[in-house]
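This report is for a reader who has not seen this structure before. Please look over the sequence and the model first.

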Amino acid sequence: MTPGATLAVPSGAARPRLTFLGTGYLGATYAVCFAELGYEVLGYDVDAPKIAKLTGGEVPFHEPGLDEMLRKNLAAGRLKFTTSIEEAAAFGDIHFICVGTPQRADSMAADLSHVEDVVVRLAPHLHRKALIAGKSTVPVGTAEWVEQLVRRHAPAGSHVEVAWSPEFLQEGHAVEDVLRPNRVIFGVRSEWANDMLFAAHKGVFDLATTEDREVPVVITNFATAELVKVAANAFLATKISFINAMAEICEPAGADVTQLARAIGYDARIGNRFLRAGVGFGGGCLPKDIRAFQARAQELGVGEALRFLHEVDLINQRRRQWVVQLAAELLGRPFGPAGPDLSGVKVAVLGATFKPNSDDVRDSPALSVVRKLSRSGAEVSVYDPEGMENARREVPDATYARSVVEAVTGADLVCVLTEWEEFRTADPVVLADLVAGKVVIDGRNCLDPVLWRRAGWEYRGMGR
Ligand code: UGA
């Protein structure tokens, strides 16, 4: 679009009206933040209780800063939620697909049923020009397939265009990541789609200008846009598994992986971020994304190119088992053919979420360790500041404590598996009086070993 020219928005509104289809961690955060940027926004979901909560001003998950912003924008009338796809279709100039793409139950591939479902529901109600823009993380080739679905089902036919614009938000930091992205990617086939995406992100660019920043934009084709997202997550996962592999070496060699990470990170080509060794990565993104990426590469006949991601996954899984092994070693428990025997041992696990400042327990390393400890016969008591409800649903047979104090009281071993501030700043002197055995495994290298040892604890970190 030439500078100064105005874009004819299909609904006739001054700015494109946006819908976010799927109001999970991704869609709800985007809906709220784009309303905050001044857009008229409608969030859609099939989950009626979730929509009722959002309409009532309650965010159905924990994300710092989002609650307040939701209530403010509901009150301003810019933000609404609905379970009616007809309403969403009539409202939107741009429909952002934000549904989940979890791992399939029967393979490593991504389950695209939610994407298909929402497109097939929406398309028959599209009677005028509109743009469907994917945000969900998908296997390369999905945008083209969505385009075919739209052609088949939308009365407006080729007036409905498709684009892909992946997102990069990190849970716990999501509001900031949406309002101030480090880049935006537009995978487009036409100038009109490109102009619409620019118009939809004008608020993001304007905010950057007022803060004297620039937001880089990469305009590319569908396949590249789809791949940018999975490639970025594959790189991040590889970085974490790289440092965890170094941790495996550091342990028998007598080196300290935290110092190693710091020292190599001073080289700007390596960088010091995402080099925290520990119990590894979890969550609803990195683990399933590296698996789906491998599955897709195989379909494309280039499986070998991503064989290393299998190793990245294995290193990550080994971190979880290592905690159980270390527990047995520290407590002097025997190893049988079925692994370590921790029967009769009381373990306090601090942390259930896959990372702090989130209530998300999907593929959480902490909960995976809880399961393994229980399977080894240990009696496990879990505490997490925000993740208790989700953890209980995921691992119903563990014991859940109401506080750090309750969890550690009488424990033979304390395992810190999510680096919540509450755990990082806990006083080892106070906790020492409550436990049966002063032994701590710091699964996130987030405690100060000097302080804990001074308080009489036997301290073991990861790779140090
Ligand atoms: C990740 C990416 O970081 C986002 O850029 C991306 O948009 C998102 O997935 C997504 O695909 O939607 P997220 O899953 O929120 O974001 O979490 P991360 O902050 O990436 O952390 C993932 C896991 O890695 C956590 O379990 C964390 O504890 C672990 N981690 C992270 C480490 O073990 N070491 C590190 O140095 C960093």
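This is a predicted model: local features need pLDDT of at least 70, side-chain atom pairs count only at pLDDT 80 or more; totals for chains, interfaces and linings use all residues.

## The ligand and its surroundings

The ligand is surrounded by 21 residues, and the closest are Phe168, Glu171, Asn233, Arg276 and Phe354. By type, the shell divides into ten nonpolar, four polar and seven charged residues.

A polar backbone atom of Phe354 lies 2.8 Å from a ligand oxygen, and a polar backbone atom of Phe168 lies 3.2 Å from a ligand oxygen. From Glu167 a polar side-chain atom takes part, at 3.2 Å from an oxygen of the ligand. Taken alone, the ligand exposes 720 Å², and 95% of that is buried by the protein. Two elements give two or more residues to the shell: helix H10 (222-253) and helix H12 (286-299). Of the shell, H10 supplies the largest share, with four residues.

## The nonpolar cores

The largest nonpolar core holds 56 residues. Those with the most contacts inside this core are Leu350, Leu373, Val414, Ile441 and Trp457. Helix H13, which spans residues 307-330, gives the most to the core: seven residues.

Which residues does Leu373 contact, leaving aside its neighbours within four places in sequence? They are Val324, Ala327, Leu342, Val347, Val349, Ala378 and Val380.

## Helix H8

Helix H8 (191-200) is mostly covered, with eight of its ten residues buried. The buried residues are Trp192, Ala193, Asn194, Asp195, Met196, Leu197, Ala199 and Ala200.

At the N-terminal end, H8 is capped by Ser190. A side-chain oxygen of Ser190 lies 3.4 Å from the backbone nitrogen of Trp192, and Trp192 is itself buried.

## Helix H9

Helix H9 covers residues 202-210, and within it Gly203, Val204, Phe205 and Ala208 are buried. What covers these buried residues? The cover includes helix H1 (25-36), helix H7 (174-179), helix H8 (191-200), strand S7 (184-187) and strand S8 (217-220).

After H9 comes Asp212, whose phi is positive, near 60 degrees.

Terms used:
Residues are numbered from 1 along each chain as its sequence is written. Side-chain values use heavy atoms; hydrogens and water are left out. A nonpolar core is a set of buried Ala, Val, Leu, Ile, Met, Phe, Trp, Tyr and Cys residues joined through side-chain atoms within 4.5 Å. Buried means under 20% relative accessible area, exposed over 50%, partly exposed in between (1.4 Å probe, protein chains only). Contact means heavy atoms within 4.5 Å. A polar contact is a pair of N or O atoms within 3.5 Å; within protein, one must be able to donate a hydrogen and the other to accept it, and residues adjacent in sequence count only if both atoms are side-chain atoms. A residue is near a molecule or strand if one of its heavy atoms lies within 4 Å of it. Accessible areas come from the Shrake-Rupley method with a 1.4 Å probe; for residues, only the protein chains shown count as cover. Ala, Val, Leu, Ile, Met, Phe, Trp, Tyr, Cys and Pro count as nonpolar, Asp, Glu, Lys and Arg as charged, and the others, Gly among them, as polar.
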